[in-house]
Every structure is written in structure tokens, then in C-alpha cells.
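Let's take a walk through a protein together.

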Amino acid sequence: MPNQAFLAAWKDACYGSISSTLLIPKFKTFLLNYLRFEGPCKYDIHVQVDGNIKRPNQIWNGQEYWIIFHQVTSLSIMGSGEIDGQGSNWWSCKENKQCPFMAANSLVVMNSKQVVVDGLRLTNSPMMHLVVGFSSEVTINNLQITAPGNSPNTDGIHIEQSYNVTVSNSVIGTGDDCVSISNNTYNVNVNGVTCGPGHGISIGSLGAKNSWATSENIHIKNCNLFDTTNGLRIKTWQVRSTTDIFLSLQFVFKRTWMFGGYGYAKAISFENIKMTRVYNPIIIDQHYCNGGSNCQYEPANGGKVFASCVNAYGTKYSVFPSVDCLRG
């Protein structure tokens with residue numbers, strides 16, 4: 001079975017006596033189920049993806065990843081090959097509200113450091129194409145990421161709980177955010193990304209389910225966005241609560257759920273961004289609710305926001321409603 005062969009090759013490379021390369025050869029295509037490449041490894045390890053990898057076009061119930069690299073230091077994943085998530089069955093299932101669970105993210109780097117991802121083509125992920133979580137010193141360069149514009153939740157690159165991450169010189173067009181930067185992430189630089197179609201480049205959403213969330217030192221520059229629903233967006237959950245009442249034979253129980261969170265987003269810059277046919281060019285949304293039910297307007301819970309615009313010009317389709325922190 002291909003999966004066992006890949007895991008055996010990883011074990012030899014990871015635990016070998018010298019720095020090693022795991023080669024996926026050119027002109028070969030491998031059909032693989034979910035894979036977990038576990039570290040730590042003894043030495044630097046290089047994965048050369050020259051051939052193609054495909055996921056079976058199946059619906060996996062509750063499987064959150066397809067390929068994951070976990071707890072690896074000094075890892076490079078490079079090559080001109082394609083990683084095809086074949087997610088169309090799950091997209092259809094999601095759109096028809098028949099799949100309440102989360103789909104698999106294609107390529108995941110978790111709890112790792114000193115990682116390079118370069119040159120790959122990522123296509124048609126069931127959910128997010130590349131996820132970086134709980135990691136540091138990650139360099140992402142020269143990727144091509146594509147999925148249909150109507151494919152749900154297919155973010156190109158998603159970064160969370162990570163720091164010192166660079167994304168550069170990549171072309172991304174999906175059905176969701178081209179780049180999304182989420183909770184407790186800092187020192188992220190995004191440079192030279194072409195984005196479209198999709199939902200633009202987003203920071204957030206921050207603060208779901210009453211959580212503490214921060215995002216700091218995020219710099220987006222020299223990017224080109226076209227035919228996207230949004231351009232540059234910062235989104236934080238509004239503070240709202242719902243009350244459930246439970247009846248028993250003797251007592252009435254009342255439970256209150258808080259949906260908003262706390263924290264901050266600061267030291268964020270957008271510089272030299274070109275936007276063409278972008279519906280909402282710039283959004284600061286302090287009332288994010290992810291389209292859920294009972295999303296009535298609630299007071300924002302943020303502190304002061306200091307914002308400035310330098311050389312902002314162009315055309316727009318619409319203007320987002322006023323933002324609390326920017327009202328006169």
C-alpha cells in the first residue's frame with residue numbers, strides 16, 4: 001500500500017544517521033489516504049515533491065487533516081509537484097447541508113519550527129490548503145494554490161498560534177480567504193501575493209467563544225487582489241450572549257453562553273496593495289458572527305484603535321457599515 005511505503009520512507013529519513021531526503025519522483029502519481037509524519041527527527045529533513053499526490057475523492061467523517069507534519073524541526077518541503085485534495089464531493093455535501101462535520105485540510109504543519117515550503121502546487125483541498133499552527137520560523141514561497149471560487153472554506157494559507165512566518169511570491173485563488181491569519185499570531189509578513197478569486201486577505205476571525213485572542217506585527221505589502229469579495233479585512237467576534245433555560249421536575253436552570261472574546265489586533269500595516277474589481281476593499285469588522293443565527297448587532301468590546309491610510313485610492317463597489325472605533 002502506498003501509505004505504508006511513505007511512512008516507512010519517512011521513518012528511515014527521520015531517524016537516520018545523517019540529514020536525509022524523502023523523494024516523490026517526477027512523472028509519478030500516488031493516491032494516498034491520510035498521513036501523519038511524526039517528529040522529532042535526528043537531523044534536518046527534506047521532502048522533495050516532484051511527482052503528484054492525490055487524495056481519494058471521498059468524504060472523511062471528522063478527519064481534520066490529510067497530510068500532517070508534526071513536531072519537526074529543520075524541515076523543507078519543496079518541488080514542482082501537485083498535491084490534489086480532490087475535495088469536490090465534500091464541497092457538494094457541505095453545500096447541501098449533509099455534512100455537519102469539518103473537512104480535511106490538505107497540508108498541515110503543526111508544532112514545528114524552521115520550516116520551508118516552496119514551489120508546490122496545491123489544488124482542490126476539501127477545506128484549507130495549507131495550515132500552519134503552533135509553529136515558528138516558517139517560510140512559505142512560490143506556491144500556486146487553486147480551487148473553484150464557489151468551493152466552501154478552501155482558504156489558501158491559514159496561520160494560527162504561530163510567529164515569525166513569511167509568505168511571499170505566491171498565486172492563490174480559492175473559494176475563501178487567500179491568506180487568513182488567526183488567533184495568537186505575531187510577526188507575520190505577507191509580500192508579493194496575487195489573490196483572486198476568493199475572499200481576500202484576512203486577519204481573524206479573532207475571539208470566538210469568549211476566548212482571548214491577539215494578532216500583532218502583521219505586515220501585508222506588494223499584493224495584487226482581483227475579483228475578490230473582500231480586499232483587506234480585520235474581523236473580531238462581537239460580544240453577545242444567549243441564554244438557554246432547562247426545566248426539570250423541581251428546578252429551572254439558566255445557562256448563558258458568551259460568543260465574543262477579548263484581546264487585541266495591533267501593529268498591522270497594509271502597504272502597496274492593488275485591488276481590481278474588489279467588492280469590499282477594506283473592512284474592519286468588530287461584529288463578526290460568521291453568518292450564524294441570531295446575529296443581531298451587539299456593542300463591540302474592543303479598546304481604542306489607531307488607524308491611518310496612506311496613498312489609498314481606487315474604485316469600489318460598496319462601503320461596509322460604519323465601524324465603532326472609527327466613528328466621529
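This is a predicted model: local features need pLDDT of at least 70, side-chain atom pairs count only at pLDDT 80 or more; totals for chains, interfaces and linings use all residues.

Residues are numbered from 1 along each chain as its sequence is written, and side-chain values use heavy atoms, with hydrogens and water left out.

Let's start with the big picture. The protein has two helices and 27 strands. Both kinds of element are DSSP runs numbered from the N terminus: helices are H or I with at least four residues, and strands are E with at least two. Of the 328 residues in the protein, 46% are buried. Here "buried" means under 20% relative accessible area, "exposed" means over 50%, and "partly exposed" is in between, using a 1.4 Å probe and protein chains only. The protein exposes about 16700 Å², and carbon and sulfur atoms supply 52% of that area. Accessible areas come from the Shrake-Rupley method with a 1.4 Å probe, and for residues only the protein chains shown count as cover. Now think about contacts, meaning heavy atoms within 4.5 Å. Among contacts with a separation of 6 or more, 72% are between residues 24 or more positions apart.

Now for the sheet. Strands of a sheet pair through backbone hydrogen bonds, either parallel or antiparallel. In which order do the nine strands of the open sheet stand? Follow them as β3-β6-β9-β12-β15-β18-β21-β23-β27, with parallel pairing. Two strands count as paired if DSSP finds at least two bridges between them. β3 (35-38) and β27 (280-288) are at the edges with a single partner strand each, so one side of each has no neighbour in the sheet. From one strand to the next, the twist averages 15°.

Four bridges join β3 to β6 (residues 65-70), and the two run parallel. Look for Leu 35, which stands opposite Ile 67 in β6. Helix α1 (residues 2-14) packs on the sheet here, touching β3 and β6, and its direction makes about 10° with that of β3. Such angles run from 0 to 180 degrees between N-to-C directions, with axes being lines fitted to C-alpha atoms, for helices over the stretch in contact.

Now move over to β23 (residues 230-237). This strand is mostly covered, with seven of its eight residues buried. β21 (residues 201-206) is joined to β23 by four bridges and runs parallel with it. Six bridges join β23 to β27, again in parallel.

Next up are the charges. Side chains of opposite charge can pair when their charged atoms come close. How many salt bridges does the structure hold? There are six, each being a side-chain nitrogen of Lys or Arg within 4 Å of a carboxyl oxygen of Asp or Glu. In one of them, Asp 177 meets Lys 235 at 3.8 Å, N to O. This pair links distant parts of the chain, 58 residues apart: Asp 177 sits in the loop between β17 (171-173) and β18 (179-181), and Lys 235 sits in strand β23. Both Asp 177 and Lys 235 are buried.

Another pair is Asp 227 and Arg 277, at 2.6 Å, N to O. Asp 227 is in the loop between β22 (212-226) and β23, and Arg 277 is in the loop between β26 and β27, so the pair ties together parts 50 residues apart in sequence. Asp 227 is partly exposed at 37%, and Arg 277 is partly exposed at 46%.

Last stop: Ser 215 in strand β22. Is Ser 215 buried or exposed? Its relative accessible area is 0%, so Ser 215 is buried. Leaving aside neighbours within four places in sequence, the contacts of Ser 215 include Ile 181, Ile 203 and Tyr 264. Tyr 264 belongs to strand β26 (residues 262-276) and is partly exposed, at 31% relative accessibility.
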